[in-house]
Amino acid sequence: MFYELRQYKIQPGKMDEWVALMEEVIIPFQVAKGMVIVGSFRGEVDDTVYVWMRRFDSEAERERLYREVYGSEKWREAIQPRVAELMDMTSVSVQRIVPTLRSVVR
């Protein structure tokens, strides 16, 4: 099992729109496809920082879910264009992380 820690820079003044898109569209869509979303966060001081985490049981599961989500017509035609409007696409940071033995997130 591993986690994906994703950090994005959201366009200035667009955080509320971004959070609404994530919470009302992206997260429900991905969960319906089988993704496990562990958390979703916005910067407390910097209103351009958005961070979220997903959990995967294996690399094979991650690859399958990526295909099902990002390869879908709904993602390509309805969701991705909106993402591109609200996010600085050059700022995406993705870290694969694994919990330590005493982590409460396992």
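Eight aromatic pairs turn up in this structure, where rings of Phe, Tyr and Trp (its six-membered ring) pair if their centres lie within 6.5 Å. It's a predicted model, so local features need pLDDT of at least 70 and side-chain atom pairs count only at pLDDT 80 or more, while totals for chains, interfaces and linings use all residues. Residues are numbered from 1 along each chain as its sequence is written, and side-chain values use heavy atoms, leaving out hydrogens and water.

**Tyr 8 and Tyr 50**
- These two rings are stacked because their planes sit at 25°, with centres 6.3 Å apart; planes under 30 degrees apart count as stacked, over 60 as edge-to-face and the rest as tilted.
- Tyr 8 belongs to strand β1 (residues 2-10) and Tyr 50 to strand β3 (residues 49-56), so the pair ties together parts 42 residues apart in sequence. Strands (E, at least two residues) are DSSP runs, numbered from the N terminus.
- Both Tyr 8 and Tyr 50 are buried (buried means under 20% relative accessible area, exposed over 50%, partly exposed in between, with a 1.4 Å probe and protein chains only).

**Tyr 70 and Trp 75**
- Here the pair is edge-to-face, with 90° between the planes and 4.9 Å centre to centre.
- Tyr 70 is partly exposed at 24% relative accessible area, whereas Trp 75 is buried at 8%.
- Ring pairs also link Tyr 70 and Trp 75 with Phe 2, Phe 56 and Tyr 66 in a cluster.

**Charges over rings**
- Arg 62 has its charged end over the ring of Tyr 66, 4.4 Å from the centre (the cut-off: NZ of Lys or CZ of Arg within 6 Å of the ring centre and within 35 degrees of the ring normal).
- Arg 96 puts its charged end over the ring of Phe 2, 4.0 Å from the centre.

Terms used: Helices (H or I, at least four residues) and strands (E, at least two) are DSSP runs, numbered from the N terminus.
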